[in-house]
Amino acid sequence: MDIDAFITANKSIIIAPAGYGKTYTIAEAIAAYTGNKRILVLTHTHAGIASLKEKFNEKHLPTFKYHLDTICSFALNLTQTYHVNKSEIPSGSTPSYLFNYAIEHATKILRAKPIRQSLSAKFDHLIVDEYQDCTIEQHKLILQLSTSLNTHLLGDPLQGIFGFRSEQIVNFEDESFDPFKENIQELDTPWRWINAGNTALGTDLANIRQKLITGQDINLNDYSSIEVELGEKNDYAMPKTNIKSRLFQELKRDAVLIHPNSTSMEPRKKYVIHYPLQLIESIDGKDYYSLCSQIDNNSGQALIKVIADAMRKVCTKTEIDKWINEKGALKHKSSIENQKTIQYLESIVIPLMACKSFALVAKMIEAIIHLPNVFVYRKEFVVDIIKTLDDADKLGLSATESIIRNRNILRQKGRKIMKKSIGTTLLTKGLEFENVVVLDAQDFKDPRHLYVALTRCCKRLLVITNNPILHPYSNS
């Protein structure tokens, strides 16, 4: 593609399938820029931030050449800086409401000429990645920014998987895109798979892409580069099935599993029980804010109950029940070894009930997860909560204030995904992994979600399904 034509135009757009070099193109555009201002780069998710940062670091791009942020975070910072009545800004404990408010008000704020001039003094260009995931309101914000910044969009309509939300997603056919389409380019080389030495997989996925666009069935048997394992649901839990042995084999070399259910964590938790996997968490999950709010608003015995109940949801409940009852009281134990454990718990609980301390709450959580035979399903959640509480104690913040701060930092710096993990399309989009296992492929009922799942790998793709012929169009 023509990098100069993309970055020098006042408005431009690139349409590209997954793995065809959008992230690389952004890095190249920044490297080619010779101005004395910075380039503002916006994307949607913490995963997108991490992916872009990795590519920027590979190319040794100096940070003074760009500012990287999510659209929501950028809008929130703008709103918090310029909104006159700060008390009207919603609490961060309801992130979706907060971000919707920020997008709406940031768009209004940008109508002020002095603020647009302030931004154009800092930035010369705006690059927006994963544009297919923009809501109509986010699109309005970007259009407002484009009145003062040279604006460049990258996206792929087949990867627009956030449309399940109530907000309406942008349509690339809308006339508001016409000025951008005057400088449109399309990427046509599957670099992700060429660079990984598996050009055949890139070719097969390109073929699948065309079938998905035209609404055709996908017969996995037609693609020699894709490994297929036939099995029924729940075979993963049975002791001697092909599925279970195959998954253990895959995890010896590291692999990310992608589950079709994005609405419930329970199916993924079952895999974490049976395999050496870590759950990929949503950084703005309501559980984080809910628990921190409960910790802030309770004390004494009620606080101990809050802590125990929260750990029952993320650890082995039956093992916690052996030590703490439903009211939050410690149980009596007769054996010497068990008495030692109870005494240690008492050394935390008694001072915590007398005087609430976030450091002691964190210590209580650590004590619970290290009780005999307790297995932590959601390790990332527990680690993040403990860090949040330690920060609250050190910085003199409430737990809610600390989790908001913690999440904001994570949005900025991004997050690495463990090599043995299980997630969904919503949690892995924008990322790539060497080895991917797509679970229960027959249950993907939207071609966009199936396409995102199949294209996360660069070297090896294993699809587990009860039928090699996929028809993912029920909800499209």
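Hi everyone, thanks for coming. One thing before we start: what we have here is a predicted model, so please keep that in mind as we go through it.

Let me begin with the aromatic side chains. How many aromatic pairs does the count come to? The count comes to eight. One of them joins Phe 177 and Phe 180, with ring centres 6.5 Å apart and planes at 55°. Planes under 30 degrees apart would count as stacked and those over 60 as edge-to-face, so at 55° the Phe 177 and Phe 180 pair is tilted. Are these two residues buried or exposed? Phe 177 is buried, at 0% relative accessibility, and Phe 180 is buried too, also at 0%.

Lys 333 is placed over the face of Trp 323, 4.9 Å from the ring centre. Then there is Arg 378, whose charged end lies over the ring of Phe 381 at 4.4 Å from the centre.

Now on to helices. I picked two pairs for you. In the first, helix α2, residues 22-32, packs against helix α3, residues 46-58, with axes 9 Å apart and an angle of about 50°. That angle makes α2 oblique to α3, and their crossing is right-handed. Which residues meet there? From α2 we have Thr 23, Tyr 24, Ile 26, Ala 27 and Ile 30, and across from them Ser 51, Leu 52, Lys 55 and Phe 56 of α3.

The second pair is α14, residues 300-314, and α16, residues 336-354, whose axes come within 8 Å and cross at roughly 130°. Here too the arrangement is oblique, α14 to α16. On the α14 side the contact is made by Gly 300, Gln 301, Leu 303, Ile 304 and Ile 307, while α16 brings in Val 349, Leu 352 and Met 353. The crossing of α14 and α16 is right-handed.

Is Lys 22 buried or exposed? With a relative accessible area of 8%, Lys 22 is buried, since the cut-off for that is under 20%. Leaving out residues up to four places away in sequence, Lys 22 touches several others, including Asp 129, Glu 130, Leu 154 and Gln 159.

Next is Gln 138, in helix α7, residues 136-145. Gln 138 is buried, with a relative accessible area of 7%. Beyond its neighbours within four places in sequence, Gln 138 is in contact with His 44, Ile 71, Cys 72, Ile 103 and Asp 133.

Last one: where is Asp 254 found? Asp 254 is in the loop between α11 and β9. Asp 254 is partly exposed, at 24% relative accessible area. Not counting residues up to four places away, Asp 254 touches Lys 419, Lys 420 and Asn 435. Asp 254 and Ser 421 are 167 residues apart in sequence and 8.6 Å apart in space, C-alpha to C-alpha.

Definitions and conventions:
Residues are numbered from 1 along each chain as its sequence is written. This is a predicted model: local features need pLDDT of at least 70, side-chain atom pairs count only at pLDDT 80 or more; totals for chains, interfaces and linings use all residues. Side-chain values use heavy atoms; hydrogens and water are left out. Rings of Phe, Tyr and Trp (its six-membered ring) pair if their centres lie within 6.5 Å; planes under 30 degrees apart count as stacked, over 60 as edge-to-face and the rest as tilted. Buried means under 20% relative accessible area, exposed over 50%, partly exposed in between (1.4 Å probe, protein chains only). A charge sits over a ring if NZ of Lys or CZ of Arg is within 6 Å of the ring centre and within 35 degrees of the ring normal. Axes are lines fitted to C-alpha atoms, for helices over the stretch in contact, and angles run from 0 to 180 degrees between N-to-C directions. Helices (H or I, at least four residues) and strands (E, at least two) are DSSP runs, numbered from the N terminus. Angles under 35 degrees count as roughly parallel, over 145 as roughly antiparallel, 65 to 115 as roughly perpendicular and the rest as oblique. A crossing is left-handed if the near helix is turned anticlockwise from the far one by less than a right angle, and right-handed if clockwise. Contact means heavy atoms within 4.5 Å.
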